[in-house]
Amino acid sequence: MIHAAELIQQKRDGGELSDDDLTGLILGFARGEVPDYQVAAFCMAVYFRGLSSTETYALTDAMIASGKTIDLRGALGRKVVDKHSTGGVGDKTSLAVGPIVSACGVPFGKMSGRGLGHTGGTLDKLESIPGFRVELSSEEFIAQVRDVGLAIVGQTADLVPADKKLYALRDVTATVENVSLIAASIMSKKIAAGADAIVLDVKVGDGAFMKTLSDARILARAMLDLGRRAEREVVCLLTDMDQPLGRAVGNAIEVREALDTIRGDGPTDFTELVLDASAQLLAISDLGIDAAEGRRRAQHAIVDGSAAAAYERWVRAQGGDPAEAALPQAPVVRPVEAPRGGTVRRLGAIRIGVAALGLGAGRRTKDDAIDHAVGVLCLRKRGDEVQAGDVLAEVHARDATSAAEATRLVRDAYELGDDAAPARPLVLDLLR
Ligand code: URA
(Lines give C-alpha, C1' and ligand atoms only; values in the text may rest on other atoms or scores of the structure.)
Protein backbone atom coordinates (compact mmCIF):
# COMPACT_ATOMS: atom_id res chain seq x y z
CA MET A 1 0.00 0.00 0.00
CA ILE A 2 1.37 3.39 -0.98
CA HIS A 3 1.79 5.98 1.78
CA ALA A 4 0.73 9.03 -0.18
CA ALA A 5 1.10 11.46 2.74
CA GLU A 6 4.78 10.47 3.16
CA LEU A 7 5.47 10.98 -0.53
CA ILE A 8 3.79 14.39 -0.48
CA GLN A 9 5.92 15.33 2.53
CA GLN A 10 9.11 14.13 0.85
CA LYS A 11 8.39 16.16 -2.26
CA ARG A 12 7.27 19.18 -0.22
CA ASP A 13 10.66 19.10 1.54
CA GLY A 14 12.59 18.88 -1.73
CA GLY A 15 13.35 15.15 -1.73
CA GLU A 16 13.61 12.89 -4.77
CA LEU A 17 11.03 10.11 -5.14
CA SER A 18 11.89 6.64 -6.38
CA ASP A 19 10.44 5.14 -9.57
CA ASP A 20 8.39 2.72 -7.46
CA ASP A 21 6.94 5.50 -5.32
CA LEU A 22 5.85 7.53 -8.34
CA THR A 23 4.44 4.46 -10.08
CA GLY A 24 2.49 3.48 -6.96
CA LEU A 25 1.11 6.98 -6.52
CA ILE A 26 0.00 7.43 -10.14
CA LEU A 27 -1.41 3.93 -10.63
CA GLY A 28 -3.14 4.13 -7.24
CA PHE A 29 -4.67 7.45 -8.30
CA ALA A 30 -5.78 6.02 -11.67
CA ARG A 31 -7.46 3.09 -9.87
CA GLY A 32 -9.23 5.45 -7.46
CA GLU A 33 -7.22 4.22 -4.43
CA VAL A 34 -5.35 7.48 -3.84
CA PRO A 35 -7.85 10.33 -3.37
CA ASP A 36 -7.91 13.55 -5.39
CA TYR A 37 -6.97 15.71 -2.38
CA GLN A 38 -3.67 13.90 -1.86
CA VAL A 39 -2.77 14.03 -5.55
CA ALA A 40 -3.71 17.72 -5.61
CA ALA A 41 -1.30 18.33 -2.71
CA PHE A 42 1.35 16.28 -4.50
CA CYS A 43 0.93 18.40 -7.66
CA MET A 44 1.34 21.59 -5.63
CA ALA A 45 4.52 20.19 -4.03
CA VAL A 46 5.80 19.37 -7.53
CA TYR A 47 4.80 22.83 -8.71
CA PHE A 48 7.12 24.42 -6.13
CA ARG A 49 9.88 21.79 -5.90
CA GLY A 50 9.92 20.42 -9.47
CA LEU A 51 10.83 16.90 -10.58
CA SER A 52 14.28 15.67 -11.64
CA SER A 53 14.56 14.22 -15.15
CA THR A 54 14.57 10.71 -13.67
CA GLU A 55 11.39 11.47 -11.72
CA THR A 56 9.77 13.04 -14.80
CA TYR A 57 10.53 9.91 -16.79
CA ALA A 58 9.13 7.64 -14.04
CA LEU A 59 5.97 9.79 -13.91
CA THR A 60 5.60 9.56 -17.70
CA ASP A 61 6.11 5.80 -17.64
CA ALA A 62 3.56 5.37 -14.86
CA MET A 63 1.00 7.43 -16.77
CA ILE A 64 1.55 5.31 -19.89
CA ALA A 65 1.22 2.13 -17.78
CA SER A 66 -2.18 3.32 -16.50
CA GLY A 67 -3.77 2.36 -19.85
CA LYS A 68 -3.29 0.69 -23.22
CA THR A 69 -0.72 1.63 -25.83
CA ILE A 70 -0.79 1.47 -29.61
CA ASP A 71 1.98 -0.03 -31.69
CA LEU A 72 1.69 1.73 -35.06
CA ARG A 73 5.07 0.49 -36.31
CA GLY A 74 4.10 -3.10 -35.53
CA ALA A 75 0.77 -2.67 -37.32
CA LEU A 76 2.09 -0.86 -40.41
CA GLY A 77 5.59 -2.27 -40.58
CA ARG A 78 6.96 1.27 -40.99
CA LYS A 79 7.51 4.55 -39.24
CA VAL A 80 4.45 6.72 -38.54
CA VAL A 81 4.83 10.43 -37.77
CA ASP A 82 2.87 12.74 -35.48
CA LYS A 83 2.87 16.44 -34.68
CA HIS A 84 1.78 18.20 -31.52
CA SER A 85 1.47 21.79 -30.40
CA THR A 86 1.57 22.89 -26.78
CA GLY A 87 -1.45 25.08 -27.55
CA GLY A 88 -2.07 28.55 -28.87
CA VAL A 89 -4.51 30.86 -30.60
CA GLY A 90 -5.35 30.16 -34.25
CA ASP A 91 -3.20 27.05 -34.30
CA LYS A 92 -4.61 24.88 -37.06
CA THR A 93 -1.21 23.58 -38.21
CA SER A 94 -2.00 19.85 -37.95
CA LEU A 95 -4.98 20.28 -40.30
CA ALA A 96 -2.63 21.38 -43.06
CA VAL A 97 0.50 19.41 -42.14
CA GLY A 98 -1.30 16.03 -41.95
CA PRO A 99 -2.51 16.07 -45.57
CA ILE A 100 0.81 17.46 -46.88
CA VAL A 101 2.92 14.82 -45.16
CA SER A 102 0.49 12.08 -46.16
CA ALA A 103 0.58 13.30 -49.78
CA CYS A 104 4.37 12.91 -49.62
CA GLY A 105 3.91 9.21 -48.82
CA VAL A 106 4.45 9.31 -45.05
CA PRO A 107 1.74 7.93 -42.72
CA PHE A 108 0.50 10.47 -40.18
CA GLY A 109 -1.39 9.32 -37.06
CA LYS A 110 -2.42 11.76 -34.38
CA MET A 111 -4.54 11.58 -31.27
CA SER A 112 -5.69 15.00 -30.28
CA GLY A 113 -7.50 16.95 -27.58
CA ARG A 114 -10.23 19.51 -27.20
CA GLY A 115 -9.72 23.19 -26.49
CA LEU A 116 -10.11 24.73 -23.08
CA GLY A 117 -10.12 28.46 -22.34
CA HIS A 118 -8.52 30.71 -24.94
CA THR A 119 -6.62 27.89 -26.72
CA GLY A 120 -8.44 25.93 -29.41
CA GLY A 121 -8.38 22.16 -29.81
CA THR A 122 -7.88 20.28 -33.07
CA LEU A 123 -10.88 18.02 -32.39
CA ASP A 124 -13.25 20.97 -32.06
CA LYS A 125 -12.00 22.37 -35.35
CA LEU A 126 -12.48 19.01 -37.07
CA GLU A 127 -16.00 18.69 -35.69
CA SER A 128 -16.97 21.84 -37.59
CA ILE A 129 -16.76 19.66 -40.73
CA PRO A 130 -20.27 18.19 -41.19
CA GLY A 131 -20.30 14.44 -40.45
CA PHE A 132 -16.65 14.24 -39.31
CA ARG A 133 -16.16 11.49 -36.69
CA VAL A 134 -13.38 12.05 -34.18
CA GLU A 135 -14.23 9.09 -31.99
CA LEU A 136 -12.60 6.11 -33.64
CA SER A 137 -11.60 2.95 -31.80
CA SER A 138 -7.88 2.11 -31.63
CA GLU A 139 -8.45 -0.55 -34.30
CA GLU A 140 -10.19 1.94 -36.62
CA PHE A 141 -7.40 4.47 -35.99
CA ILE A 142 -4.69 1.98 -36.92
CA ALA A 143 -6.61 0.77 -40.00
CA GLN A 144 -7.11 4.32 -41.23
CA VAL A 145 -3.45 5.31 -40.81
CA ARG A 146 -2.56 2.13 -42.73
CA ASP A 147 -5.18 2.37 -45.51
CA VAL A 148 -5.64 6.14 -45.94
CA GLY A 149 -2.26 7.34 -44.69
CA LEU A 150 -3.79 9.91 -42.33
CA ALA A 151 -5.98 9.89 -39.21
CA ILE A 152 -6.57 12.55 -36.57
CA VAL A 153 -8.84 11.27 -33.82
CA GLY A 154 -9.81 11.90 -30.21
CA GLN A 155 -7.76 10.16 -27.60
CA THR A 156 -9.42 6.83 -26.74
CA ALA A 157 -10.55 6.50 -23.10
CA ASP A 158 -8.20 3.58 -22.44
CA LEU A 159 -5.07 5.53 -23.49
CA VAL A 160 -3.25 7.22 -20.56
CA PRO A 161 -6.35 7.46 -18.32
CA ALA A 162 -4.14 8.76 -15.49
CA ASP A 163 -3.40 11.92 -17.50
CA LYS A 164 -7.08 12.62 -18.05
CA LYS A 165 -7.71 12.49 -14.30
CA LEU A 166 -4.51 14.31 -13.41
CA TYR A 167 -5.03 17.09 -15.95
CA ALA A 168 -8.59 17.69 -14.69
CA LEU A 169 -7.21 17.99 -11.16
CA ARG A 170 -4.32 20.29 -12.18
CA ASP A 171 -6.77 22.48 -14.07
CA VAL A 172 -8.72 23.28 -10.87
CA THR A 173 -5.75 23.45 -8.46
CA ALA A 174 -3.53 25.99 -10.30
CA THR A 175 -0.88 23.35 -11.03
CA VAL A 176 -0.98 23.18 -14.83
CA GLU A 177 2.05 25.44 -15.38
CA ASN A 178 4.86 23.15 -14.28
CA VAL A 179 7.40 22.02 -16.87
CA SER A 180 7.69 18.42 -15.64
CA LEU A 181 3.94 17.95 -15.35
CA ILE A 182 3.33 19.45 -18.81
CA ALA A 183 6.16 17.41 -20.39
CA ALA A 184 4.96 14.14 -18.80
CA SER A 185 1.34 14.86 -19.77
CA ILE A 186 2.13 15.59 -23.41
CA MET A 187 4.78 12.92 -23.94
CA SER A 188 2.87 10.11 -22.20
CA LYS A 189 0.05 10.60 -24.72
CA LYS A 190 2.38 10.90 -27.70
CA ILE A 191 4.34 7.78 -26.73
CA ALA A 192 1.21 5.74 -25.97
CA ALA A 193 -0.44 6.75 -29.28
CA GLY A 194 2.35 4.94 -31.10
CA ALA A 195 4.11 7.31 -33.52
CA ASP A 196 7.88 6.82 -33.82
CA ALA A 197 8.77 10.30 -35.00
CA ILE A 198 7.23 13.42 -33.55
CA VAL A 199 7.52 17.14 -34.26
CA LEU A 200 6.58 19.22 -31.22
CA ASP A 201 5.64 22.85 -31.67
CA VAL A 202 6.35 24.62 -28.39
CA LYS A 203 4.47 27.90 -28.39
CA VAL A 204 6.12 30.94 -26.80
CA GLY A 205 4.52 34.22 -25.76
CA ASP A 206 1.40 36.00 -24.62
CA GLY A 207 -1.04 33.30 -25.82
CA ALA A 208 1.02 30.28 -24.70
CA PHE A 209 1.81 28.38 -21.47
CA MET A 210 5.44 29.38 -21.88
CA LYS A 211 5.74 33.17 -21.88
CA THR A 212 9.51 33.38 -22.49
CA LEU A 213 11.91 31.69 -24.87
CA SER A 214 14.07 30.45 -22.00
CA ASP A 215 11.07 28.71 -20.32
CA ALA A 216 10.03 27.24 -23.67
CA ARG A 217 13.57 25.84 -24.13
CA ILE A 218 13.36 24.17 -20.71
CA LEU A 219 10.02 22.53 -21.65
CA ALA A 220 11.37 21.51 -25.07
CA ARG A 221 14.47 19.90 -23.51
CA ALA A 222 12.33 18.00 -20.99
CA MET A 223 10.17 16.61 -23.80
CA LEU A 224 13.19 15.78 -25.98
CA ASP A 225 14.67 13.90 -23.03
CA LEU A 226 11.46 11.88 -22.55
CA GLY A 227 11.33 11.13 -26.28
CA ARG A 228 14.95 9.96 -26.30
CA ARG A 229 14.43 7.68 -23.31
CA ALA A 230 11.37 6.16 -25.02
CA GLU A 231 13.38 5.73 -28.25
CA ARG A 232 11.25 8.15 -30.26
CA GLU A 233 12.72 10.62 -32.68
CA VAL A 234 11.62 14.10 -31.60
CA VAL A 235 12.25 17.57 -32.99
CA CYS A 236 11.01 20.71 -31.21
CA LEU A 237 10.14 23.90 -33.04
CA LEU A 238 9.83 26.90 -30.73
CA THR A 239 7.40 29.33 -32.33
CA ASP A 240 5.91 32.74 -31.64
CA MET A 241 2.52 32.92 -29.92
CA ASP A 242 2.59 36.64 -29.07
CA GLN A 243 0.04 37.12 -31.84
CA PRO A 244 -2.43 34.58 -33.29
CA LEU A 245 -1.10 32.22 -35.93
CA GLY A 246 -2.38 33.05 -39.41
CA ARG A 247 -5.58 35.10 -39.60
CA ALA A 248 -8.39 32.80 -38.50
CA VAL A 249 -9.29 32.08 -34.86
CA GLY A 250 -12.30 29.84 -34.30
CA ASN A 251 -13.27 26.47 -35.69
CA ALA A 252 -14.81 26.36 -39.20
CA ILE A 253 -12.93 29.53 -40.15
CA GLU A 254 -9.66 27.83 -39.14
CA VAL A 255 -10.52 24.76 -41.22
CA ARG A 256 -11.16 27.11 -44.16
CA GLU A 257 -7.75 28.75 -43.64
CA ALA A 258 -6.02 25.37 -43.43
CA LEU A 259 -7.71 24.39 -46.70
CA ASP A 260 -6.61 27.64 -48.37
CA THR A 261 -3.07 26.91 -47.22
CA ILE A 262 -3.08 23.34 -48.54
CA ARG A 263 -4.18 24.84 -51.87
CA GLY A 264 -1.33 27.39 -51.82
CA ASP A 265 -3.42 30.39 -50.84
CA GLY A 266 -2.80 30.69 -47.08
CA PRO A 267 -1.42 33.58 -45.00
CA THR A 268 2.36 33.94 -45.17
CA ASP A 269 3.17 33.24 -41.50
CA PHE A 270 0.96 30.17 -41.28
CA THR A 271 2.24 28.80 -44.60
CA GLU A 272 5.83 29.21 -43.35
CA LEU A 273 5.12 27.21 -40.19
CA VAL A 274 3.23 24.53 -42.12
CA LEU A 275 6.18 24.14 -44.51
CA ASP A 276 8.73 24.08 -41.68
CA ALA A 277 6.79 21.51 -39.64
CA SER A 278 6.16 19.35 -42.74
CA ALA A 279 9.85 19.54 -43.70
CA GLN A 280 10.93 18.42 -40.22
CA LEU A 281 8.38 15.58 -40.19
CA LEU A 282 9.52 14.34 -43.60
CA ALA A 283 13.15 14.56 -42.45
CA ILE A 284 12.49 12.27 -39.46
CA SER A 285 10.25 9.91 -41.45
CA ASP A 286 11.56 6.78 -43.17
CA LEU A 287 11.98 8.58 -46.52
CA GLY A 288 15.68 9.15 -45.82
CA ILE A 289 15.68 12.81 -46.86
CA ASP A 290 16.83 16.00 -45.15
CA ALA A 291 14.67 18.97 -44.14
CA ALA A 292 15.57 21.00 -47.27
CA GLU A 293 14.34 18.17 -49.51
CA GLY A 294 11.33 17.72 -47.19
CA ARG A 295 10.40 21.35 -47.66
CA ARG A 296 10.73 21.04 -51.44
CA ARG A 297 8.43 18.00 -51.45
CA ALA A 298 5.92 19.71 -49.15
CA GLN A 299 5.80 22.72 -51.48
CA HIS A 300 5.34 20.40 -54.44
CA ALA A 301 2.41 18.61 -52.74
CA ILE A 302 0.71 22.00 -52.37
CA VAL A 303 1.37 23.07 -55.95
CA ASP A 304 0.41 19.78 -57.67
CA GLY A 305 -2.84 19.39 -55.71
CA SER A 306 -1.87 16.13 -54.00
CA ALA A 307 -2.14 17.68 -50.52
CA ALA A 308 -5.69 18.87 -51.27
CA ALA A 309 -6.53 15.38 -52.59
CA ALA A 310 -5.11 13.84 -49.37
CA TYR A 311 -7.29 16.20 -47.31
CA GLU A 312 -10.41 15.05 -49.20
CA ARG A 313 -9.53 11.35 -48.82
CA TRP A 314 -8.92 11.79 -45.11
CA VAL A 315 -12.08 13.78 -44.36
CA ARG A 316 -14.23 11.31 -46.34
CA ALA A 317 -12.62 8.37 -44.52
CA GLN A 318 -13.75 9.88 -41.20
CA GLY A 319 -17.29 10.45 -42.50
CA GLY A 320 -16.96 14.19 -43.19
CA ASP A 321 -17.94 16.36 -46.15
CA PRO A 322 -14.68 17.86 -47.51
CA ALA A 323 -16.41 20.62 -49.53
CA GLU A 324 -15.52 24.07 -48.26
CA ALA A 325 -19.12 25.19 -48.87
CA ALA A 326 -20.30 22.60 -46.34
CA LEU A 327 -18.55 24.40 -43.45
CA PRO A 328 -20.88 26.45 -41.23
CA GLN A 329 -20.84 30.23 -41.58
CA ALA A 330 -21.72 32.80 -38.94
CA PRO A 331 -24.83 34.88 -39.69
CA VAL A 332 -23.34 38.18 -38.44
CA VAL A 333 -20.02 39.51 -39.78
CA ARG A 334 -18.78 42.85 -38.39
CA PRO A 335 -15.64 44.74 -39.46
CA VAL A 336 -13.30 46.10 -36.79
CA GLU A 337 -11.88 49.37 -38.07
CA ALA A 338 -8.59 51.07 -37.20
CA PRO A 339 -9.28 54.08 -34.92
CA ARG A 340 -6.14 55.81 -36.28
CA GLY A 341 -3.42 55.34 -38.88
CA GLY A 342 -0.01 53.83 -38.06
CA THR A 343 1.71 50.49 -37.65
CA VAL A 344 0.28 47.47 -35.88
CA ARG A 345 2.76 47.25 -33.00
CA ARG A 346 1.03 44.44 -31.14
CA LEU A 347 -1.85 42.05 -31.68
CA GLY A 348 -2.43 40.31 -28.36
CA ALA A 349 -3.02 36.59 -28.82
CA ILE A 350 -4.81 36.14 -25.50
CA ARG A 351 -7.20 39.01 -26.16
CA ILE A 352 -8.15 37.60 -29.54
CA GLY A 353 -8.53 34.14 -27.96
CA VAL A 354 -10.78 35.60 -25.27
CA ALA A 355 -12.86 37.45 -27.90
CA ALA A 356 -13.33 34.17 -29.81
CA LEU A 357 -14.22 32.42 -26.55
CA GLY A 358 -16.87 35.07 -25.81
CA LEU A 359 -18.37 34.51 -29.25
CA GLY A 360 -18.77 30.83 -28.39
CA ALA A 361 -15.82 29.40 -30.38
CA GLY A 362 -14.26 27.89 -27.24
CA ARG A 363 -15.32 26.54 -23.88
CA ARG A 364 -14.86 28.00 -20.41
CA THR A 365 -15.55 24.66 -18.73
CA LYS A 366 -15.02 21.26 -20.25
CA ASP A 367 -18.76 20.57 -20.72
CA ASP A 368 -19.59 23.79 -22.62
CA ALA A 369 -20.99 23.42 -26.14
CA ILE A 370 -19.11 25.10 -29.00
CA ASP A 371 -20.48 27.26 -31.81
CA HIS A 372 -18.41 26.04 -34.76
CA ALA A 373 -19.33 28.92 -37.09
CA VAL A 374 -18.09 31.89 -35.04
CA GLY A 375 -14.63 33.40 -34.62
CA VAL A 376 -12.29 36.26 -35.49
CA LEU A 377 -10.39 36.90 -38.71
CA CYS A 378 -7.31 39.05 -38.02
CA LEU A 379 -6.73 40.65 -41.43
CA ARG A 380 -3.87 42.88 -40.21
CA LYS A 381 -0.95 41.54 -38.22
CA ARG A 382 2.08 42.91 -36.38
CA GLY A 383 4.14 45.20 -38.61
CA ASP A 384 1.33 46.06 -41.07
CA GLU A 385 0.75 49.73 -41.95
CA VAL A 386 -2.86 50.91 -41.74
CA GLN A 387 -4.88 54.07 -42.40
CA ALA A 388 -7.65 55.26 -40.05
CA GLY A 389 -10.85 53.36 -40.95
CA ASP A 390 -9.06 50.38 -42.56
CA VAL A 391 -10.54 47.03 -41.58
CA LEU A 392 -8.20 45.41 -39.05
CA ALA A 393 -10.27 42.31 -38.43
CA GLU A 394 -13.67 40.72 -38.89
CA VAL A 395 -15.83 39.37 -36.09
CA HIS A 396 -17.97 36.38 -37.13
CA ALA A 397 -20.80 36.11 -34.63
CA ARG A 398 -24.10 34.39 -33.90
CA ASP A 399 -25.90 37.65 -33.06
CA ALA A 400 -25.42 41.41 -32.81
CA THR A 401 -24.92 41.44 -29.03
CA SER A 402 -22.00 39.00 -28.98
CA ALA A 403 -20.58 40.73 -32.08
CA ALA A 404 -20.54 44.09 -30.28
CA GLU A 405 -18.66 42.73 -27.25
CA ALA A 406 -16.14 40.85 -29.42
CA THR A 407 -15.61 43.94 -31.60
CA ARG A 408 -14.58 45.90 -28.50
CA LEU A 409 -12.17 43.16 -27.37
CA VAL A 410 -10.63 42.79 -30.82
CA ARG A 411 -10.13 46.55 -31.15
CA ASP A 412 -8.35 46.52 -27.76
CA ALA A 413 -6.13 43.63 -28.90
CA TYR A 414 -4.61 45.87 -31.59
CA GLU A 415 -1.96 48.35 -30.49
CA LEU A 416 -1.32 50.92 -33.20
CA GLY A 417 1.66 53.24 -33.05
CA ASP A 418 3.96 55.42 -35.11
CA ASP A 419 7.11 53.34 -34.77
CA ALA A 420 7.84 50.08 -36.53
CA ALA A 421 6.83 46.94 -34.63
CA PRO A 422 9.67 45.08 -32.88
CA ALA A 423 10.89 42.32 -35.22
CA ARG A 424 10.17 38.77 -34.02
CA PRO A 425 10.45 35.78 -36.35
CA LEU A 426 7.76 33.09 -36.27
CA VAL A 427 10.18 30.20 -35.77
CA LEU A 428 12.34 31.22 -32.81
CA ASP A 429 14.44 28.09 -32.43
CA LEU A 430 14.71 24.41 -33.32
CA LEU A 431 15.96 21.86 -30.81
CA ARG A 432 16.60 18.15 -31.35
N1 URA B 1 -1.20 19.96 -22.93
C2 URA B 1 -1.29 18.74 -22.33
O3 URA B 1 -1.68 17.77 -22.95
N4 URA B 1 -0.93 18.64 -21.03
C5 URA B 1 -0.49 19.69 -20.31
O6 URA B 1 -0.18 19.52 -19.15
C7 URA B 1 -0.41 20.95 -20.94
C8 URA B 1 -0.77 21.06 -22.25
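Visitor: Where does Val 160 lie?

Guide: This is a predicted model, and in it Val 160 lies in the loop between β3 (150–154) and α9.

Visitor: What's the phi of Val 160?

Guide: Val 160 isn't a glycine, yet its phi is positive, about 45°. As background, most residues other than glycine have a negative phi.

Visitor: Buried or exposed, that Val 160?

Guide: Val 160 is buried, with a relative accessible area of 0%.

Visitor: OK, and what about Glu 231, what's its phi?

Guide: Glu 231 has a positive phi near 60°, and Glu 231 is a residue other than glycine. You'll find Glu 231 in the loop between α11 (213–229) and β5 (233–240).

Visitor: Is Glu 231 buried or exposed?

Guide: Exposed: the relative accessible area of Glu 231 is 71%.

Visitor: Switching to the ligand. Which residues surround it?

Guide: The ligand has Tyr 167, Arg 170, Ile 182, Ser 185, Ile 186, Lys 189 and Phe 209 around it. By type, that shell divides into four nonpolar residues, one polar and two charged.

Visitor: How much of the ligand does the protein bury?

Guide: Taken alone, the ligand exposes 240 Å², and the protein buries 89% of that.

Visitor: Which elements give two or more residues to the shell?

Guide: Those are α9 (161–171) and α10 (179–192). The largest share, four residues, comes from α10.

Visitor: Now helix α16. Which of its residues are buried?

Guide: In α16, residues 349–359, the buried ones are Ala 349, Ile 352, Gly 353, Ala 355, Ala 356, Leu 357 and Leu 359.

Visitor: And what covers them?

Guide: The cover over the buried residues of α16 includes the strands β6 (248–250), β8 (342–347), β9 (375–378) and β11 (391–397), plus helix α17 (400–413).

Visitor: What follows α16?

Guide: Gly 360 does, and its phi is positive, near 110°.

Visitor: Next, Asp 82. Where does it lie, and is it buried or exposed?

Guide: Asp 82 lies in strand β1, residues 81–85. Asp 82 counts as buried, at 1% relative accessibility.

Visitor: What does Asp 82 touch?

Guide: Not counting residues up to four places away in sequence, Asp 82 touches Phe 108, Gly 109, Lys 110, Lys 190, Ala 195, Ala 197, Ile 198, Val 199 and Leu 281.

Visitor: Where is Leu 17 found?

Guide: In the loop between α1 (4–12) and α2 (19–30). Leu 17 counts as buried, at 4% relative accessibility.

Visitor: How about Thr 93, where's its place?

Guide: Thr 93 is in helix α6, residues 93–103. The relative accessible area of Thr 93 is 0%, so it is buried. Leaving aside neighbours within four places in sequence, Thr 93 is in contact with Lys 83, Leu 245, Phe 270, Leu 273 and Val 274.

Visitor: And Ala 252, what is it in contact with?

Guide: Setting aside its neighbours within four places in sequence, Ala 252 is in contact with Ser 128, Leu 327, Pro 328 and His 372. Ala 252 is found in helix α12, residues 252–262, and is buried at 0% relative accessible area.

Visitor: Last one: how many disulfides?

Guide: The count comes to zero disulfides. As for cysteines, Cys 43 counts as buried at 1% relative accessibility, and Cys 104 is buried too, with a relative accessible area of 15%.

Notes
Residues numbered from 1 in each chain as written. Predicted model: local features only at pLDDT ≥ 70, side-chain atom pairs only at ≥ 80, totals over all residues. Heavy atoms only, no water. Buried < 20%, exposed > 50% of the residue type's maximum accessible area, 1.4 Å probe, protein only. Contact = heavy atoms within 4.5 Å. Near = heavy atom within 4 Å. Areas by Shrake-Rupley, 256 points an atom, 1.4 Å probe, with all protein chains shown as cover. Nonpolar A, V, L, I, M, F, W, Y, C, P; charged D, E, K, R; others polar. Disulfide = S-S within 2.5 Å.
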